[in-house]
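I opened my notebook today to look up a few things in one structure. Come and read along with me.

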Amino acid sequence: AGIVVIDQRSLQFFVLKKVGGSSSLRQSLEGMTINGLIGMGHTRWATHGVVDETNTHPHFNCKRDVAVVHNGIIGGYAELRRHLISQGHDFYSETDTEVAAHLFGHALDTEQDLIAATKVVCARLRGAYALVFMLEKYPNTLIAVRQSSPLFIGLCTDESLVVSDPTA
């Protein structure tokens, strides 16, 4: 399980990943105070790669200013990964998810706004997925996209939630 939160003072990511699921993550967070603006969490089923902290969500682009969590499978991710590596991207995990972070980071460098960057990323992705992106440059924004996978948005008075499991 892992979390990423944008710290409201530094406007940088605070990241914590633990093997052992949400109970291990919860134990590591005990007694901690995180002053966050927004955050994402994820409990991972190992579709690609071994179960370790490196393969645990959230995943990041090279600059570590784009974070992503993901449910589903990104089709053709190996080909996308090879292409991104040929362009100088460094990968740290064995997951298909990390490809999405690199694609989004690259799109932000070439597109004029978040909507255009999101469209570029979605045009490159195949498969069944639900993705949520968080960006240090936009500390009050989550970007959620889906293709043939569930994605639910809950709007409340004091908070909003994006989940890929209806029971959540």
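Here are my entries, in the order I made them.

**Ground rules.** I noted that this is a predicted model, where local features need pLDDT of at least 70, side-chain atom pairs count only at pLDDT 80 or more, and totals for chains, interfaces and linings use all residues. Residues are numbered from 1 along each chain as its sequence is written, and side-chain values use heavy atoms, with hydrogens and water left out.

**Confidence.** I looked up pLDDT, the predictor's confidence in each residue, from 0 to 100. The protein chain has a mean of 92, and 98% of its residues reach 70 or more. Confidence is lowest in α1, with a mean of 89, and highest in α4, at 97. Helices (H or I, at least four residues) and strands (E, at least two) are DSSP runs, numbered from the N terminus.

**The open sheet.** I found three strands in the order β2-β1-β3, with antiparallel pairing. Two strands pair if DSSP finds at least two bridges between them. β2 (13-17) and β3 (36-42) are the edge strands, each pairing on one side only. Strand β1 (residues 2-7) is joined to β2 by five bridges, and V5 stands opposite F14 in β2. I also saw helix α1 (residues 21-29) lying across β1 and β2, at about 125 degrees to β2. For such angles, axes are lines fitted to C-alpha atoms (for helices over the stretch in contact), and values run from 0 to 180 degrees between N-to-C directions.

**The cores.** A nonpolar core is a set of buried Ala, Val, Leu, Ile, Met, Phe, Trp, Tyr and Cys residues joined through side-chain atoms within 4.5 Å. Buried means under 20% relative accessible area, exposed over 50%, and partly exposed in between (1.4 Å probe, protein chains only). The largest core has 23 residues, and F104, L125, L131 and F133 touch the most other members. Elements giving it two or more residues include α3 (97-110) and β6 (126-135). α3 supplies the largest share, six residues. I then checked L131: beyond four places in sequence, its contacts (heavy atoms within 4.5 Å) include V68, A100 and I143. A second, separate core has 12 residues, among them I6 and F60.

**A serine in a loop.** Is S149 buried or exposed? I found S149 in the loop between β7 and β8 (152-155). S149 counts as buried because its relative accessibility is 8%. Leaving aside neighbours within four places in sequence, S149 is in contact with N71, G72, A128, Y129 and A130.
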